[in-house]
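Work through the exercises below with the sequence and the coordinates at hand. Each task is followed by a solution in steps.

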Amino acid sequence: MSQSELGKKELERYSRHLLIPEVGRGGQLSLKDGKVLLIGAGGLGSPAAVYLASAGVGPLGIVDFDRVEASNLHRQILHFDGDVGKKKTESARETLTQLNPHVQVITHDTRLHKENALSILGDYDVIIDGTDNFPTRYLVNDACVLLGKPNVYGSIFRFDGQASVFDPRGDGPCYRCLYPEPPPPGVVPSCAEGGVLGVLPGIIGVIQATEAIKIILGKGDTLTGRLLLYNALEMSFHELKLRKDPHCPLCGTNPTVTELIDYEGFCRIGESEEPAEAVASLTVVELKEKMEGERSFVLLDVRESHETEICQLTGSVLIPLGQLANRMDEVPRATPVIAYCKKGIRGEKAVRLLNEAGFTATNLEGGIIAWAEQIDPEMARY
Amino acid sequence: MNVKVQVRYFALLRETTGSEGEKYSFPQGTTILELRTQLGSHRPEVMEILSEARFAVNEDFVDDSYVLADGDFVAVIPPVSGG
């Protein structure tokens, strides 16, 4: 059901595609009519979008609710220096439209959730999962299975990447066949927590774009039934056979998940491991006043040492949270302790540990990021 | 008689252990479930991640009841969420 023909400019632009028998004019028209939805215009979504738009795949949909931050730019190649602060969907539309004006870009400036997922995904032929969190991964997986849409999966961590195609049309396995349940919060770090090599999502995102193009063309063998593992340090690829799990709660023989669920609850987001008993804390403004007065406290940085290379408060003692229990004797007992981390979470844990051990400790609310935002705009953030 | 297996860590497991993997020798009849516990007792810092990881033997995913055979190549793959 080709809505269109290829104009002269498009014939020229796509001529190297037209020369490949597997694509040709018919294939290029399929790409032009192929509706691909990118979940996330971040590390994976950026390179995928750039290649898909260049290849004339469209309409190209993009779901994202975030704004561009400086720390995105080392890998999220849709966004440029001047885009910091803009909505990612807008920044993506500008880049892609400049790259290829023949491609229609549809932006969904919203968080994907169980109420809107089926209607947004339902308009597209292929879904590319470039999300950065478990709740959205399970949501996208479940919605794709329920809608019968191919889901091109990719995920990254530091130097490692995974990719696969979960294609219910051919009765292929889904993400839940691989990982039926999400890990508890805090066990598997995100890119924001653990860091990521900037070029890594380039490799995985372009693999996802390749698979999406093959699905639209109906050519070649996709990653359906295979999990591809990539490691950039070793420059190695491993491939594992992935089979459909007959006991899969979603796509197995007796499914128990037959509609979208509460994914934040499923992933136990917002649930604390222990009862949330508030610990003593102070604001960055209060800390600044204290620092200007006579210094009668110990400033304890509980982050990792590589984080201190980006920014640190003057006069801090560094003991990473993981080592604190074994290094308590390095903290002076006579003086009150003010603990801080990046955003206040680890600081709170440190304060609990210290107070249990008999110290008088207080947590810096919002961590060093709050300090950079409210007190010292010159300080580098991450 | 013992079975010798090669264990290979991926992603977060490799980063946390600082190791690509190790060779182990286990009594015959050792299952993946027992391997999980054994690996965790060697390296308590990865116990939590191990319980979330999937195990593949000779490139095929297996469940906890799989009994290790001599020469098995065991890949341990924790979930990865970044994007």
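The exercises concern a predicted model and go from whole chains to single elements.

**Exercise 1. Describe chain A as a whole: its secondary structure, extent, burial and domains.**

Solution. 
- Step 1: Chain A holds 16 helices and 13 strands.
- Step 2: The C-alpha trace of chain A extends over about 80 × 50 × 40 Å along its principal axes.
- Step 3: Of its 382 residues, 42% count as buried.
- Step 4: Take the contacts in chain A between residues at least 6 apart in sequence; 67% of them join residues at least 24 apart.
- Step 5: The chain is divided into domain 1 (34-266) and domain 2 (281-374), and the C-alpha centres of these two domains of chain A lie 38 Å apart.

**Exercise 2. Characterise the side of chain A that touches chain B.**

Solution. 
- Step 1: Count the residues in contact: 31 from chain A and 20 from chain B.
- Step 2: Find the elements of chain A that give two or more residues to this side. They are α7 (134-147), β5 (151-157), β6 (160-166) and β8 (236-241).
- Step 3: β8(A) supplies the largest share, four residues.
- Step 4: Sort the residues on the chain A side by class: 14 are nonpolar, 10 polar and seven charged.

**Exercise 3. Check the length of helix α5 (residues 88-99) of chain A and locate its buried face.**

Solution. 
- Step 1: Helix α5(A) has 12 residues and, at 1.5 Å a residue, should span 16 Å; the end C-alpha atoms are 16 Å apart, so the length agrees.
- Step 2: Its buried residues are A:Lys88, A:Thr89, A:Ser91, A:Ala92, A:Thr95 and A:Leu96.
- Step 3: Viewed down the axis of α5(A), these residues fall within an arc of 160° and therefore line one face of the helix.
- Step 4: Recall that an α-helix has 3.6 residues a turn, so residues three or four places apart point the same way.
- Step 5: The buried residues of α5(A) pack against α4 (45-54), β2 (60-63) and β3 (105-108) of chain A.

**Exercise 4. Repeat the face analysis for helix α16 (residues 367-374) of chain A.**

Solution. 
- Step 1: A:Gly367, A:Ile368 and A:Trp371 are the buried residues of α16(A).
- Step 2: They cover an arc of only 145° around the axis, so they sit on the same side of α16(A).
- Step 3: Their cover includes α12 (284-292), β12, α15 (345-356) and β13 (361-364) of chain A.

**Exercise 5. Is A:Arg333 buried or exposed?**

Solution. 
- Step 1: A:Arg333 has 12, so A:Arg333 is exposed.
- Step 2: A:Arg333 and A:Ala41 are 292 residues apart in sequence and 49 Å apart in space, C-alpha to C-alpha.

Conventions: Residues numbered from 1 in each chain as written. Chains lettered and ligands numbered in written order. Predicted model: local features only at pLDDT ≥ 70, side-chain atom pairs only at ≥ 80, totals over all residues. Expected span 1.5 Å × (residues − 1). Buried ≥ 20, exposed ≤ 12 C-beta atoms within 10 Å, placed from the backbone. Arc of directions from axis to C-beta. Contact = placed C-beta atoms within 7 Å. Domains from an automatic or database assignment. Nonpolar A, V, L, I, M, F, W, Y, C, P; charged D, E, K, R; others polar.
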